[in-house]
Amino acid sequence: MKSMYLNIPPLTKNAAGTPYQLTGKQRKKIRSLIHKECCNYDSWYRECLGPDRADDGSCIQLGADHLACRWMEHAVLPLDPELHAKIIRNPAKKHCIRCGSWFLPGSGRALYCPSCANQVRKEHKRDSARKRRHTTEIKRS
Ligand SMILES: [Zn+2]
C-alpha cells in the first residue's frame with residue numbers, strides 16, 4: 001500500500017532552503033482545510049493515514065508552525081489557491097512545466113528549466129520568423 005505515495009514530491013523549500021513558516025492565521029486556515037479536505041486525516045480517530053504522519057499516528061501538520069506534510073502541500077493546500085500562493089513564495093526549486101525536471105528559478109514567474117527555456121525561445125523565434133516570411137510572401141503575390 002505504500003507504493004501510491006512514492007511519487008509525492010518533496011516539500012518545497014523557500015529560497016533559503018528551509019521549510020515555509022506559517023503565520024497564526026495561515027495555521028488556522030490549514031487546520032480547517034485538513035479537517036475538511038484531507039483524505040488522509042481521520043477526524044473521528046484524529047489519526048493521519050498519510051505517509052508523513054507523526055510517530056504517534058497523529059497529523060504532523062496540525063501542530064506545526066511550518067509546512068511539514070508533503071500530502072498537505074501537494075494535495076490539500078492547492079485546493080485553496082490564494083492561501084497556497086501566499087505560503088509558497090519564491091520556492092528554491094520549481095518543476096519545469098515542459099520536461100518536469102527541478103530547476104532554480106531566476107524569477108518567480110519562470111516556468112521552464114534553463115535548457116527548456118532556451119528551446120522554447122528558439123521555437124518562438126522560428127515561429128515568428130516563419131510568420132514574417134509568410135506575410136511577406138502574401139504581400140508579394
Ligand atoms: Zn525543462
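These notebook entries record what I looked up in a predicted model of one chain.

**Entry 1. Ground rules.** I number residues from 1 along each chain as its sequence is written.

**Entry 2. Confidence.** I looked up pLDDT, the predictor's confidence in each residue, from 0 to 100. The average over the chain is 86, and 88% of the residues score at least 70. Among the elements, helix 1 has the highest mean pLDDT (96), and strand 3 (residues 94-95) has the lowest (78).

**Entry 3. Elements.** I took helices (H or I, at least four residues) and strands (E, at least two) as DSSP runs, numbered from the N terminus. I found 4 helices and 4 strands. Their order from the N terminus is α-β-β-α-α-β-β-α.

**Entry 4. Burial and contacts overall.** I call a residue buried if 20 or more other C-beta atoms lie within 10 Å of its own, exposed if 12 or fewer, and partly exposed in between, with C-beta atoms placed from the backbone. By this criterion 13% of the 141 residues count as buried. I call two residues in contact if their C-beta atoms, placed from the backbone, lie within 7 Å. Of the contacts with a separation of 6 or more, 46% join residues 24 or more positions apart.

**Entry 5. The largest nonpolar core.** A nonpolar core is a set of buried Ala, Val, Leu, Ile, Met, Phe, Trp, Tyr and Cys residues joined through C-beta atoms within 7 Å. Which members of the largest core touch the most other members? Among its 14 residues, they are Ile34, Cys38, Tyr41, Met72 and Val76. Helix 1 (24-37) and helix 2 (70-76) each supply at least two residues of this core. The largest share, 3 residues, comes from helix 2. I then followed Val76: beyond four places in sequence, Val76 touches Leu33, Ile34, Glu37, Cys38 and Trp71.

Entry 6. I located Arg46 in the loop between strand 1 (41-42) and strand 2 (47-48). Arg46 is not a glycine, yet has a positive phi of about 50°. Most residues other than glycine have a negative phi. Arg46 counts as exposed because 11 C-beta neighbours lie inside 10 Å.

I found Gly57 in the loop between strand 2 and helix 2. Gly57 lies 11 residues from Arg46 along the chain, with 8.6 Å between their C-alpha atoms. Apart from residues up to four places away in sequence, Gly57 touches Glu47 and Cys48. Is Gly57 buried or exposed? Gly57 has 12 C-beta neighbours inside 10 Å and therefore counts as exposed.

**Entry 7. Leu104 and Pro105.** I placed Leu104 in the loop between strand 4 (102-103) and helix 4 (114-140). Pro105 also lies in the loop between strand 4 and helix 4. Leu104 counts as exposed because its C-beta neighbours inside 10 Å number 12. Pro105 has 18 other C-beta atoms within 10 Å and is therefore partly exposed.

I checked C-alpha separations next. Leu104 and Lys94 are 10 residues apart along the chain and 6.3 Å apart by C-alpha atoms. For Pro105 and Lys93, 12 residues apart in sequence, the C-alpha to C-alpha distance is 6.5 Å. Setting aside neighbours within four places in sequence, I noted contacts of Pro105 with Lys94 and Ala110.

Methods
Predicted model: local features only at pLDDT ≥ 70, side-chain atom pairs only at ≥ 80, totals over all residues.
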